[in-house]
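Me: Please take a close look at one part of this model, the ligand and its surroundings. Begin with a contact elsewhere in the chain, then go to the site, and end with the backbone and the surface.

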Amino acid sequence: MSRPPLSGKTIVLGVSGSIAAYKAAELTSRLLQLGAAVQVAMTPAAARFVAPLTFQSLTHRPVITDLFAPTSDIAVDHVALAQQADAFVVAPATANTVAALAHWLAGNPGATLALSVSAPMILCPAMEHNMFDHPATQANLALLKQRGAVIVEPEEGRLASGLVGKGRLADLDVIIGTVRHVLGLSGDLAGRRIVVTAGGTREPVDPVRFITNRSSGKMGHAIAEAARDRGARVTLITTTPPPVQAAAGVDVRRVATALEMQAAVAEAVRGADALIMAAAVADYRPAAAAPQKIKKRNADGVLELQLVRNPDILASVDAPVVKVGFAAETENVLENARAKLLEKGLAIIAANDVTAPDSGFDADTNRVTIIHASGDVEALPTMPKIEVAHALLDRVKALLD
Ligand code: C5P
């Protein structure tokens, strides 16, 4: 098993007094599960919404609740710890705390703590939408952004007041993805640009039907996430519609057809270091999509669909990038994969037998054999897709170095 993605990282989590403070407990738990050490600091208002004991029990550390208590050795120790933090996350950040952080308001514990933390700041505002939209809040956020803070925008939705608007604390997946992105910026792929494709293309038959395949997009999304965690700038060209969310910090382009994917890849590979094509591209598309829904009223009960070949996207890329392909096979896995590596001019191809239950479409694990242009063959064991992603990126990194 590889190390959890946030192991060795210390995160100071500032919690301010919004009803969303209860979500910070779940955030704490998830950051801990990802291997981070979490030091929680709460404003007095936050401590009225959620007991500090909740965070203390989760983190096994005293919670900083009063930075100004003159006799508090704990606070002094833990401020020292805060100074070693890798990230300072404020979630939820109220309008009041945003203002305090923007202007270093004396007397506000969050602002005092922020002064002692030199790590990147990630702010996750949560407040009533009229407070969020207020020019004062927007100006404060702009000021903080200018100073380098990363703002995780709140979501639209139902607010505690019962009104609907933009002000709900961002989804925890987005907050965690942003933390991982920010912490990964100094990773071993920092400065690299990687283009990843994911999902099965959809080739329209008529306005309501398309031809597709069983690709879930999981492998490509895992590669994008792993590359993001290691500091690469990632462009993910994916066919997977929401709710499959792309990792935060990844530049996502959504496409449907092979031709759209080809155009998006051609544009994205300019200046990139590597192209990893995990997408299952349809080999054929209907010659022309019918402009209206095809009816079943034809006399002989037979519908003929003429298909034409799609271009081979990988083979068509001649930019100087490390090209990585996948070969989803049902038989003669290695021979077929080797032939594809040569035809498409690849540095590496990851071959898998998609008929195996733990390998291929929709599984969370994959068992791939990596074939190198040099002829080397490495058979990897069955692993979670995120670990397969890291293994491939290790090989890509070695080629780039
Ligand atoms: O030829 P085959 O479809 O098996 O090759 C698989 C690899 O080639 C995958 O990496 C896939 O993304 C890529 N491919 C492509 N364009 C196509 C078909 C496949 O880039 N038209």
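Reply:

**A salt bridge, then the ligand site**

Arg192 and Asp273 form a salt bridge, with the closest N and O atoms 3.4 Å apart. Keep in mind that this is a predicted model. Arg192 sits in the loop between α9 (172-184) and β8 (193-198), and Asp273 in the loop between α11 (258-268) and β13 (274-277), so the pair ties together parts that are 81 residues apart in sequence. The structure holds 17 salt bridges.

The residues around the ligand include Met277, Ala279, Val281 and Asp283. Pro311, Asp312, Ile313 and Leu314 are also among them.

A backbone N or O atom of Met277 lies 2.7 Å from an oxygen atom of the ligand. Ile313 also uses its backbone: an N or O atom there lies 2.9 Å from a nitrogen atom of the ligand. Lys344 uses its side chain, with a polar atom 3.0 Å from an oxygen atom of the ligand. Taken alone, the ligand exposes 450 Å², and the protein buries 88% of that.

Next, the backbone. Most residues other than glycine have a negative phi, and most peptide bonds are trans. Two places depart from this pattern. A cis peptide bond joins Ala91 and Pro92, with omega at about -5°. Pro92 belongs to strand β3 (residues 87-93). His60 has a positive phi, near 60°, and is not a glycine. His60 lies in the loop between α3 (52-59) and α4 (73-83).

Last, the surface. Ile19, Tyr22 and Phe49 form a nonpolar patch there. Together the three have about 330 Å² of accessible area. Tyr22 is part of helix α1 (residues 21-33).

Note on methods
Residues are numbered from 1 along each chain as its sequence is written. This is a predicted model: local features need pLDDT of at least 70, side-chain atom pairs count only at pLDDT 80 or more; totals for chains, interfaces and linings use all residues. Side-chain values use heavy atoms; hydrogens and water are left out. Patches are made of residues with over 30% relative accessible area and no salt bridge: like charges are joined within 9 Å, nonpolar side chains (Val, Leu, Ile, Met, Phe, Trp, Tyr) within 5 Å. Accessible areas come from the Shrake-Rupley method with a 1.4 Å probe; for residues, only the protein chains shown count as cover. A salt bridge is a side-chain nitrogen of Lys or Arg within 4 Å of a carboxyl oxygen of Asp or Glu. Helices (H or I, at least four residues) and strands (E, at least two) are DSSP runs, numbered from the N terminus. A residue is near a molecule or strand if one of its heavy atoms lies within 4 Å of it. A polar contact is a pair of N or O atoms within 3.5 Å; within protein, one must be able to donate a hydrogen and the other to accept it, and residues adjacent in sequence count only if both atoms are side-chain atoms.
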